[in-house]
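Here are some friendly notes to read alongside the model. Have the viewer open as you go through the points.

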2 protein chains.
Amino acid sequence: MNVIGMFIRDQRKRAGLTQEEFALRSGLGLRFIRELEQGKQTVRLDKVNQALKMFGHVAGPVPMDGEYRT
Amino acid sequence: MNVIGMFIRDQRKRAGLTQEEFALRSGLGLRFIRELEQGKQTVRLDKVNQALKMFGHVAGPVPMDGEYRT
DNA sequence: TAAATATATACCCGAACGGGTATAATATGA
DNA sequence: TCATATTATACCCGTTCGGGTATATATTTA
């Protein structure tokens with residue numbers, strides 16, 4: 001569903017972190033991490049970026065339903 | 001500064017729309033459009049997506065400071 | 001199976017987003 | 001120049017995010 005939420009969940013698991021550990025390390029609330037990974041749409045962008053930054057990413061405009069390569 | 005804000009401003013001007021017109025067509029508040037284009041970080045993601053959608057884009061994870069091609 | 005770990009759901013509540021609006025500043029054009 | 005259009009700044013205020021916390025559910029492991 002939500003691209004960003006899936007990305008965070010994937011990267012987090014790939015890093016072998018629990019939601020709690022990731023919340024701690026990123027300085028975000030556990031509640032927020034959960035809502036983000038579950039695809040909540042009305043999250044705040046700065047918090048999203050704070051999470052993405054942990055994996056060297058930021059939120060940016062990407063073509064709808066389109067693929068993009070790094 | 002903010003990638004998304006710059007993107008919206010660019011696309012909007014390219015489309016020959018004023019902030020007011022764009023706010024109307026996108027169903028967003030004029031206040032929000034301005035804050036977004038001025039790089040406000042603490043905006044809500046769903047509103048950002050509502051704006052990006054007008055130009056066929058959505059917010060997604062992109063490599064930090066990295067280029068990406070469509 | 002049971003115990004332990006991880007994730008999900010529900011609540012309280014302070015802080016702040018964002019719509020609307022009014023006014024100021026800036027840009028554009030005749 | 002002056003008039004108009006566009007953008008920026010400031011305020012009020014209802015709605016809601018998100019931190020923290022407690023509890024329930026699900027998953028993993030012995």
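**Notes on salt bridges, a helix face and the chain interface**

1. B:R12 and B:E37 are both buried (under 20% relative accessible area, with exposed meaning over 50% and partly exposed in between; 1.4 Å probe, protein chains only). The two residues form a salt bridge whose closest N and O atoms are 2.6 Å apart; the term means a side-chain nitrogen of Lys or Arg within 4 Å of a carboxyl oxygen of Asp or Glu. This pair links distant parts of the chain, with B:R12 in helix α1 of chain B and B:E37 in helix α3 of chain B, 25 residues apart. Helices (H or I, at least four residues) and strands (E, at least two) are DSSP runs, numbered from the N terminus.

2. A word on conventions: this is a predicted model, in which local features need pLDDT of at least 70 and side-chain atom pairs count only at pLDDT 80 or more, while totals for chains, interfaces and linings use all residues. Residues are numbered from 1 along each chain as its sequence is written, chains are lettered from A and ligands numbered from 1 in the order in which they are written, and side-chain values use heavy atoms, leaving out hydrogens and water.

3. In chain A, look at A:E37, which forms a salt bridge with A:R9 at 2.8 Å between the closest N and O atoms. A:E37 lies in helix α3 (residues 30–37) of chain A and A:R9 in helix α1 of chain A, so this pair ties together parts that are 28 residues apart in sequence. A:E37 is buried at 9% relative accessibility, while A:R9 is partly exposed at 30%. A:R9, A:R12 and A:E37 are linked in a network of salt bridges.

4. Beyond its neighbours within four places in sequence, A:Q19 is in contact (heavy atoms within 4.5 Å) with residues including A:R9, A:R12 and A:I33.

5. Which residues of helix α3 (residues 30–37) of chain B are buried? They are B:F32, B:I33, B:L36 and B:E37. Seen down the axis of α3(B), these residues fall within an arc of 125°, so they line one face of the helix; the arc is that of the directions from the helix axis to the C-beta atoms. Their cover includes α1 (3–14), α2 (19–26) and α4 (45–53) of chain B. After α3(B) comes B:G39, with a positive phi near 85°.

6. Finally, the interface: about 2600 Å² is buried between chain A and chain B, 68% of it from carbon and sulfur atoms. That area is the accessible area (1.4 Å probe) that two parts lose on being put together, summed over both. On the side of chain A that touches chain B, the largest share, seven residues, comes from β1(A).
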